[in-house]
2 protein chains.
Amino acid sequence: MMKNDRVVFIVDDDERIREALAELLESHGMRSVAFGSAGDYVEADKPDLLACLILDVELPDINGLEFQRQIAEGEHPPIVFITGHGDVPSSVRAIKDGAVDFLTKPFSDADLMTAVQTALDQDRQDRSTRAELGALRRRYLDLTPREREVLTLVVSGLLNKQAATELGISEVTLEVHRRNIMQKMAAASLADLVRMAERLKIPVTHSRRNPGGN
Amino acid sequence: MMKNDRVVFIVDDDERIREALAELLESHGMRSVAFGSAGDYVEADKPDLLACLILDVELPDINGLEFQRQIAEGEHPPIVFITGHGDVPSSVRAIKDGAVDFLTKPFSDADLMTAVQTALDQDRQDRSTRAELGALRRRYLDLTPREREVLTLVVSGLLNKQAATELGISEVTLEVHRRNIMQKMAAASLADLVRMAERLKIPVTHSRRNPGGN
DNA sequence: GGCGGCCTCATGGATTTCCATAGAATGCGA
DNA sequence: TCGCATTCTATGGAAATCCATGAGGCCGCC
């Protein structure tokens, strides 16, 4: 009953710890892959599965907390820190930087497994969010520069006429752009498009419409 | 040059600590009000200013972390924990629960002041967000039950006709509701209304519109 | 029993959006 | 230089929205 859709990465310089952790995880039906240093972890090509990273704070090549910040630049599995010499400032920094938990040895098997489970759950969430946002961004990149301008004005609430004036083009042209946008973004409605723009953090310009009334 | 638009609350059972903190804060032009227990803090009527709360973990009446969770139910200033016997699990919990920082004695004046400043900045942000959301909610509460139903359907992207059918009323009636909504919510455009609904976490229903594509 | 708020509906016109179709100019890379 | 993407424009009609105005029924509260 080994679950093959998920994996736990272990980065710890102590081989005995790595083995103990691997064993513990296996006994819970959890597949794991261990590394002796941050460098090894980075170099390795890792399966694209639901994952979590158990990271020792003290590593031979780099400080675990520093390493956390480095990989925070890109996509990375949620981190559970473990350490033999845990101090408060480190744990504070780790959690502030998004770590799921910070366990000091000795910790119970149960605590670790709970943290791992939480991390995996979070990864599921992260992935789903990333996937959606990624799809959205891809569609956005499909837009031409002009269409992006139009999109901004439209989701700001401007009437076609107003937006057209703003861009110095005819209303008809703007309509064409607008419909192309709806098409490319696969928006079912203006409301939909506005929500997409929100998630893409597209700023609202002069969100007026009927400023004076009528 | 005492700034009177902000205040730092101190909750610590040790009077010497309270006085030392108050002095330190004062030397930085910061007004403070100190309490000997969580109960005293709760009972006191506190000025509605930009604030931050320096909280000792060990209190006579309740554990600081527990107290944090209690006040987390409602509005409260950002918390900076201080403690004489800081342990990692406590700090982890505190930060997870939203504390700005967790300082163990002895800590430097600079560290505390930095944390206090961060907390005050966060309070400014929190207040601004709360104020906007509050105004939005008040307007939403101004809507009649029917209008709220209509709002949901409209921001879901339904055409007036579709929404009207959904509610079993005529299109004209729905238009009336719709315009009343725009009025009451002070929305400048549909895009605007959609964004408001997002912030109010109004769920989208069957967000279709031209399902098959005419 | 009257008043006010709420929900309902109608008419009708101005305005806007939606859609399909078609043509043309620019500019850039193959 | 040809082809393609991008941008621009137009016509014309269907559909939808916006707006003002008027009005009837229901219900709870004073």
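I count two residues as in contact when heavy atoms lie within 4.5 Å. The model I am reading is predicted.

**Chain A, overall**

Among contacts with a separation of 6 or more, 65% join residues 24 or more positions apart. I then went through the secondary structure. Chain A has nine helices and five strands. From the N terminus the order is β-α-β-α-β-α-β-α-β-α-α-α-α-α. The radius of gyration of chain A is 24 Å, well over the 17 Å that the globule rule gives for 214 residues, so chain A is more spread out than a compact globule. The C-alpha trace spans about 75 × 40 × 30 Å along its principal axes.

I checked the domains next. Chain A splits into domain 1, residues 3-130, and domain 2, residues 142-199. Their centres, taken over C-alpha atoms, are 44 Å apart.

Of the 214 residues in chain A, 43% are buried. The chain exposes about 10900 Å², and carbon and sulfur atoms supply 49% of that.

**Cores**

Which residues have the most contacts inside the largest nonpolar core? I found A:L193, B:L151, B:M185 and B:L193, in a core of 49 residues. I followed A:L193 further. Beyond four places in sequence, A:L193 touches A:L151, A:V154, A:V155, A:I181, A:M182, A:M185 and A:A187. Another core, of 47 residues, lies apart from the largest one. Its members include A:V7, A:A38, B:L55 and B:A94.

**Between the chains**

I looked at how chain A meets chain B. On each side 26 residues are in contact with the other chain. The two chains bury about 2000 Å² between them, with 63% of it on carbon and sulfur atoms. Three residues, A:V88, A:I95 and A:R195, supply 27% of the area that chain A buries against chain B, more than any other three.

**B:Y41**

Is B:Y41 buried or exposed? Its relative accessible area is 4%; the cut-off for buried is under 20%, so B:Y41 counts as buried. I placed B:Y41 in helix α2 of chain B, residues 38-43. B:V11 is 30 residues away along the chain, yet its C-alpha atom is 7.0 Å from that of B:Y41.

**Helix α7 of chain B**

I listed the buried residues of this helix, which covers residues 160-167. They are B:N160, B:Q162, B:A163, B:A164 and B:L167. These residues pack against α6 (145-155) and α8 (171-185) of chain B. Just after α7, B:G168 takes a positive phi of about 70°.

I checked for cis peptide bonds. The bond from A:K105 to A:P106 is cis, with omega near 0°. A:P106 sits in the loop between β5 (101-104) and α5 (109-141) of chain A. In chain B, a cis bond joins B:K105 and B:P106, with omega about 0°. B:P106 is in the loop between β5 and α5 of chain B.

I also looked for positive phi in residues other than glycine. A:K201 has phi near 60°. A:K201 lies in the segment after α9 of chain A, and is exposed at 71% relative accessible area. B:A186 has phi near 55°. B:A186 lies in the loop between α8 and α9 of chain B, and is partly exposed at 49%.

Terms used. Residues numbered from 1 in each chain as written. Chains lettered and ligands numbered in written order. Predicted model: local features only at pLDDT ≥ 70, side-chain atom pairs only at ≥ 80, totals over all residues. Heavy atoms only, no water. Core = buried A, V, L, I, M, F, W, Y, C linked by side-chain atoms within 4.5 Å. Buried < 20%, exposed > 50% of the residue type's maximum accessible area, 1.4 Å probe, protein only. Domains from an automatic or database assignment. Helix = DSSP H or I, 4+ residues; strand = E, 2+ residues; numbered from the N terminus. Rg over C-alpha atoms; globule rule 2.2 N^0.38 Å. Areas by Shrake-Rupley, 256 points an atom, 1.4 Å probe, with all protein chains shown as cover. Buried area = accessible area lost by both parts, 1.4 Å probe.
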